[in-house]
Amino acid sequence: MVVEDRSHDNKMVFSETTYRRISRILYELNTRLKATLTIFADMNGYPIDYSGDTKNININTLTAVAVGSFSASNEMSRMISGEHNFEHVLHEGTRRNVYMCNVSNDYVMVLVFGRAVPVGFVRLLTHTAVSKLSQYLDSLKMQNRNVSRFIDSHFRSQLNHELDQAFGF
Amino acid sequence: MHIDWKNREIVFKIVYYGPGLGGKTTNLEYIHAKLNPSLRGDLISFKTKEDRTLYFDFMQMDLPPINRKKPRFHLYTIPGQVQYGYGRKLVINGADALVFVADSQKERMDENLASLADLEEKLSLYKKSLQKMPWILQYNKRDLPHCASITSLQSKLNFLKVPYFEAVATNGTGVFETLKGVIQMAMQQV
């Protein structure tokens, strides 16, 4: 069902149903492409979901760097053409490539895949997956999902305790 | 803030802002060096040949689960140099709370003020403002000669009376206190 709580500006909440739907699309894409890893992230650099092999890869760090790179490419586009129109970005490596593309303007799809996978095939299947995701995200209706269900007074007080422990206070 | 219901994680984005050479990266380097490795990821830095921040620095900090809910923090710094305004705009997007790292040296006051004005301008791009945003001040480099007094720094920079911390990021003084302070500010907004 619903997904984002825009009444809280940048506070984004995804329901379990949404996750299941997104997970299925990512899994299908990753499997069909025999990709190493497929990440669906928001433009703030948060990984929303992923499919694939995460051994030796820190998803959070990779996503932050990938989204930064994608955003920088879009800024280049704005500088040279006056608009953000770099929908796809490909980084070619000696062993693995990284392909990124825009999803509904608020999200980014990041694919890590080996050199044996043809880039054209990646673009084709990713385009299909992105279309499905975009349609789904656009169709979602607003829902009030209470953030306080996640963060209650106990969570806050315990968090202070955990911070003190971690910081050696 | 991002809540992942499936994995029961809550992720906050904390951004260290401030003038170039003010000590933002040093804050993160100290946190990274002193934090238990099981609680943090790698420190990723995009630096110029002169060791100045180009895009941003990034590190992830995790805390043990609380009631099976996992708090996670993404810590970013911005590039302080004037010419990297785009990097600042990019990083500040979606920030839950900010640390403004001010250089306490008297001769850096103009840079502090310019950076604060730049922060307000960047926030306005996302329809936010210093008045509405949770943020705190860190007066860094308190060990150096020619430091402005706290009274003077407060009167010039802390016009919104946000919490402030004195720090010497090179030896860690005030670094974790600042981080705890900004996390508490972020929590208050939830």
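## Exercises on a two-chain predicted model

Read along the sequence, chain A runs β-α-β-β-α-β-β-β-α-α. The model is predicted, so let's work through it with that in mind.

**Exercise 1.** Work out how many helices and strands chain A has.

*Solution.* Start from the pattern β-α-β-β-α-β-β-β-α-α. Sorting its elements by type gives four helices and six strands for chain A. Among contacts in chain A between residues at least 6 apart in sequence, 49% join residues at least 24 apart.

**Exercise 2.** Describe the side of chain A that touches chain B.

*Solution.* Begin with the totals: chain A gives 33 residues to the contact and chain B gives 34. Next, find the elements of chain A that supply two or more residues: strand S1 (12–14), helix H1 (16–33), helix H2 (59–81) and helix H4 (153–167). Of these, H4(A) provides the largest share, nine residues. Finally, sort this side of chain A by class: 17 nonpolar, eleven polar and five charged residues.

**Exercise 3.** Decide how helix H2 (residues 85–92) and helix H3 (residues 109–125) of chain B are arranged.

*Solution.* First, take the axes: they come within 10 Å and cross at roughly 55°. Because of that angle, H2(B) is oblique to H3(B). The crossing of the two helices is right-handed. Now list the residues in contact: H2(B) contributes B:Arg88, B:Lys89 and B:Ile92, while H3(B) contributes B:Asp118, B:Lys122, B:Leu123 and B:Leu125. By class, that makes three nonpolar, no polar and four charged residues.

Definitions and conventions: Residues are numbered from 1 along each chain as its sequence is written. Chains are lettered from A and ligands numbered from 1 in the order in which they are written. This is a predicted model: local features need pLDDT of at least 70, side-chain atom pairs count only at pLDDT 80 or more; totals for chains, interfaces and linings use all residues. Axes are lines fitted to C-alpha atoms, for helices over the stretch in contact, and angles run from 0 to 180 degrees between N-to-C directions. Angles under 35 degrees count as roughly parallel, over 145 as roughly antiparallel, 65 to 115 as roughly perpendicular and the rest as oblique. A crossing is left-handed if the near helix is turned anticlockwise from the far one by less than a right angle, and right-handed if clockwise. Two residues are in contact if their C-beta atoms, placed from the backbone, lie within 7 Å. Ala, Val, Leu, Ile, Met, Phe, Trp, Tyr, Cys and Pro count as nonpolar, Asp, Glu, Lys and Arg as charged, and the others, Gly among them, as polar.
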